[in-house]
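Here is a short walk through one structure. Keep the 3D view open as you read.

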Amino acid sequence: MQRLLMVAFIVMITAFSYSLLSFADYIIHLKSGRQFVTQRYWEEGGEIKFHFARGVLGVPKEAVVSIEEVNPETPAKETPPAVATPEAPGKQEPPPEAAPAEEKKEGKEVEEAKKKEKKVEDTKPIHEYWAQKKALKVELDEALKRLREATKNKDAAGKKEAREEVRKLSKEIYKLTDEVKEMN
């Protein structure tokens with residue numbers, strides 16, 4: 001019985017002291033808008049290096065906008081933590097205000113939604129794109145056959161003509177593919 005109580009006591013002590021043992025995380029913000037979360041970072045040779053996905057990743061110091069320290073125990077409703085800049089990692093700056101950034105995001109979202117609506121109105125159903133791509137591929141296969149045949153027969157003019165047609169059809173297929181990607 002004493003052993004069971006001792007085990008329960010150790011489990012409780014461990015559970016309560018876990019918050020004291022946890023470490024802070026850092027969010028590394030890049031100029032490209034990308035963010036990396038890591039437990040440790042350092043500066044080495046003009047680069048900010050940090051542990052990421054079973055290895056060490058380094059980014060040029062110029063590409064880093066800020067490095068933000070995040071405490072896991074910090075409640076979400078508190079003010080955001082201070083932001084450390086790569087120029088002076090020890091120096092803390094106040095966090096940027098969220099309201100103007102949110103307004104800009106909302107403005108961009110509205111513009112993107114309008115663009116998508118306009119694109120949807122101007123676009124055709126996906127099965128029509130598939131049919132068009134299939135027809136272009138058939139034409140491309142025929143042009144490739146002509147190119148091979150011209151190469152085999154050493155017909156320079158036929159080869160040049162077939163090559164131009166292959167290029168034209170390939171461009172059309174890529175254009176169609178890009179159109180579908182934009183639509184989605």
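Aromatic rings come first. In this predicted model, the count of aromatic pairs comes to 4. One of them joins phenylalanine 36 and phenylalanine 52. Their ring centres are 5.0 Å apart, and their planes stand at 85°. Planes over 60 degrees apart count as edge-to-face, so this pair is edge-to-face. Phenylalanine 36 lies in strand β2, while phenylalanine 52 lies in the loop between β4 and β5. The pair therefore ties together parts that are 16 residues apart in sequence.

Phenylalanine 52 has a relative accessible area of 34% and is partly exposed.

Now follow phenylalanine 36 into its strand. In a regular strand the side chains alternate between the two faces of the sheet. Strand β2 spans residues 35-38. Its covered face holds Phe36 and Thr38. Its uncovered face holds Gln35 and Val37.

What does β2 pair with? Its partner is strand β1, residues 25-30. The two run antiparallel and are joined by 4 bridges. Tyrosine 26 stands opposite threonine 38 in β2, and Thr38 belongs to the covered face of that strand. β1 and β2 form a hairpin, with 4 residues between them. In the turn, glycine 33 has a positive phi of about 100°.

Next comes a sheet. Strands of a sheet pair through backbone hydrogen bonds, either parallel or antiparallel. This sheet is open and has 3 strands, in the order β3-β4-β5. The pairing is antiparallel. Which strands form the edges? They are β3 (41-44) and β5 (56-60), and each pairs on one side only. From one strand to the next, the twist averages 30°.

Look at β4, residues 47-51. It pairs with β5 in the antiparallel sense, over 5 bridges. Lysine 49 has glycine 58 in β5 as its bridge partner.

Then turn to the helices. Two packed helices are described by the angle between their axes and the distance between the axes. Helix α3 covers residues 126-153, and helix α4 covers residues 156-183. They pack at an angle of about 160°, with their axes 9 Å apart. An angle over 145 degrees counts as roughly antiparallel, and α3 and α4 are therefore roughly antiparallel to each other. Their crossing is left-handed.

Which classes of residue make up the contact of α3 with α4? By class, there are 15 nonpolar, 5 polar and 9 charged residues.

Tyrosine 174 is found in helix α4. Its relative accessible area is 60%, so tyrosine 174 is exposed. Where does lysine 133 sit relative to tyrosine 174? The two are 41 residues apart along the chain, and their C-alpha atoms are separated by 9.5 Å.

Note on methods. Residues are numbered from 1 along each chain as its sequence is written. This is a predicted model: local features need pLDDT of at least 70, side-chain atom pairs count only at pLDDT 80 or more; totals for chains, interfaces and linings use all residues. Side-chain values use heavy atoms; hydrogens and water are left out. Two strands pair if DSSP finds at least two bridges between them. Axes are lines fitted to C-alpha atoms, for helices over the stretch in contact, and angles run from 0 to 180 degrees between N-to-C directions. Angles under 35 degrees count as roughly parallel, over 145 as roughly antiparallel, 65 to 115 as roughly perpendicular and the rest as oblique. A crossing is left-handed if the near helix is turned anticlockwise from the far one by less than a right angle, and right-handed if clockwise. Ala, Val, Leu, Ile, Met, Phe, Trp, Tyr, Cys and Pro count as nonpolar, Asp, Glu, Lys and Arg as charged, and the others, Gly among them, as polar. Buried means under 20% relative accessible area, exposed over 50%, partly exposed in between (1.4 Å probe, protein chains only). Rings of Phe, Tyr and Trp (its six-membered ring) pair if their centres lie within 6.5 Å; planes under 30 degrees apart count as stacked, over 60 as edge-to-face and the rest as tilted.
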